[in-house]
Amino acid sequence: MRAPQSRTKEGTVTMTSSEELHKRRGAAVARGVGSTISAYVERAGGGTIVDVEGREWIDFAAGIAVANVGNSAPRVVEAVKAQVERFTHTCFMVAPYESYVAVCEQLNALTPGSFEKRSALFNSGAEAVENAVKIARHATGRPAVVVFDHAYHGRTNLTMALTAKNMPYKHRFGPFAGEVYRVPMSYPLRDGGLSGAAAAATAIEMIEKQVGAENVAALLIEPIQGEGGFVVPAEGFLPALREWATAAGVVFVADEIQTGFCRTGDWFACQHEGVEPDLVTLAKGIAGGLPLAAVTGRAELMDAVHVGGLGGTYGGNPIACAAALASIETMHELDLAAAARRIGQVMGDRLRAIAARDPRIAEVRGRGAMLAVELVQPGTLTPDPAATAAVSAACHAAGLLTLTCGTYGNVLRFLPPLVISDDELARGLDILDAAFG
Ligand SMILES: *Cc1c(COP(=O)(O)O)cnc(C)c1O
């Protein structure tokens, strides 16, 4: 590995320590931007991250489900290099280019539903969600958006309103956008194990009584919740909501920003139950780490918006589009959906073995390479965020990068790059196993 170095004013070469970087950060970077670990990255690839001091971390985060094809995936690097030498930005709204069109063609073909589709490209997941709401409102002429308990949809003003959790996402950042209504999520561990159909009936009754179906533009849902705790709804919940939305003329929007691009063992999580959303929001895993997002969906909804009504300066930037095309090719070539299923099998077996001996684990859940454990005080459903933080800290100290999530901060989640090697996966799981004690 190349030694991490920085040049001092005198021209002598010195190591840049994490401590030194931490000091500079404190003086330069706003405190509101946090980090999971205090190490600074030098390079990353496969399932490993190397910090500036040469320490190695097994990566169970993938930059929050972004580096599905791995960091600096060879095809992505090649495509980005080639594009950056041709042109870097003309703005698709000013002077268009092929790669934007090609990404839209790919998304239209890959997302669930055999109907005619269109796509529009943006920069971030939050921006995609905002645009999905704009499109649904415009196409239906209705104002209301229905979201769920524990939902996470972003940090902009509208998406903060759509997101459930106050701390840290919303606290003192209001007032928030209006016409957002929240209904209960199917959460088998915490709703008494309601069937998907029964949980959907509860949510639908609340919508009909409190909002009125004819006022609802969009029903927005993560097929498996991300930041909210990797909550997997009971079988039948999504199909029942899909059916109701069709009957009520409500646009069914699947937020697949975290679940998409092979993460759950299918290209998209909705495919598991054969649910075909009207609109899908995409980001995170789409472009191998470059900032890109999309709304893909029914042509008649997408094309309802007047010319010039959708866009943004950087949306569908040519370098990000080149990266997306290379990432999608990599997912096909390496069959990363199958890789996610394999990771899920190995990791799931290990997590269930840990859960069998550790009464703090109330549930192992998730799908494919999107797995989590929820920690409680033994024998109860009382969340235990302290134990979660302690296990997490033990993982970090031993060289495994894990993330937490959940409304109660009591869920440890695992999102390895889908190209992680068997050896890296096994070493990561050994660290995790030891961290539970
Ligand atoms: C991360 C995420 C978002 C927001 O994406 P950003 O790119 O951070 O704006 C929205 N929805 C879901 C489900 C997410 O996981």
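Proline 168 sits in the loop between helix 6, residues 157–162, and strand 8, residues 180–183. Helices here are DSSP runs of H or I with at least four residues, strands are runs of E with at least two, and both are numbered from the N terminus. Before I go on: this is a predicted model, in which local features need pLDDT of at least 70 and side-chain atom pairs count only at pLDDT 80 or more, while totals for chains, interfaces and linings use all residues. Residues are numbered from 1 along each chain as its sequence is written, and side-chain values use heavy atoms, with hydrogens and water left out.

The bond joining methionine 167 and proline 168 is a cis peptide, with omega about 5 degrees.

Next, the ligand. Residues around it, meaning those with a heavy atom within 4 Å, include Ser124, Tyr152, His153, Asp255, Gln258 and Lys284. For polar contacts the cut-off is a pair of N or O atoms within 3.5 Å. A polar side-chain atom of aspartate 255 is 2.7 Å from a ligand nitrogen. A side-chain N or O atom of glutamine 258 lies 2.8 Å from a ligand oxygen, and for lysine 284 the distance from such a side-chain atom to a ligand oxygen is 2.6 Å.

Last, helix packing. Axes are lines fitted to C-alpha atoms over the stretch in contact, with angles from 0 to 180 degrees between N-to-C directions. Helix 3, residues 74–86, and helix 10, residues 318–333, have axes that come within 8 Å and cross at roughly 155 degrees. The two are therefore roughly antiparallel, the term for angles over 145 degrees. Contact, meaning heavy atoms within 4.5 Å, involves Ala79 and Val80 of helix 3 and Ala322 and Ala323 of helix 10, among others. The contact residues divide into 9 nonpolar, 3 polar and 3 charged; Ala, Val, Leu, Ile, Met, Phe, Trp, Tyr, Cys and Pro count as nonpolar, Asp, Glu, Lys and Arg as charged, and the others, Gly among them, as polar.

The other pair is helix 11, residues 336–357, and helix 13, residues 422–436, whose axes come within 11 Å and cross at roughly 15 degrees. That makes helix 11 roughly parallel to helix 13, the class for angles under 35 degrees.

Terms used. Angles under 35 degrees count as roughly parallel, over 145 as roughly antiparallel, 65 to 115 as roughly perpendicular and the rest as oblique. A polar contact is a pair of N or O atoms within 3.5 Å; within protein, one must be able to donate a hydrogen and the other to accept it, and residues adjacent in sequence count only if both atoms are side-chain atoms.
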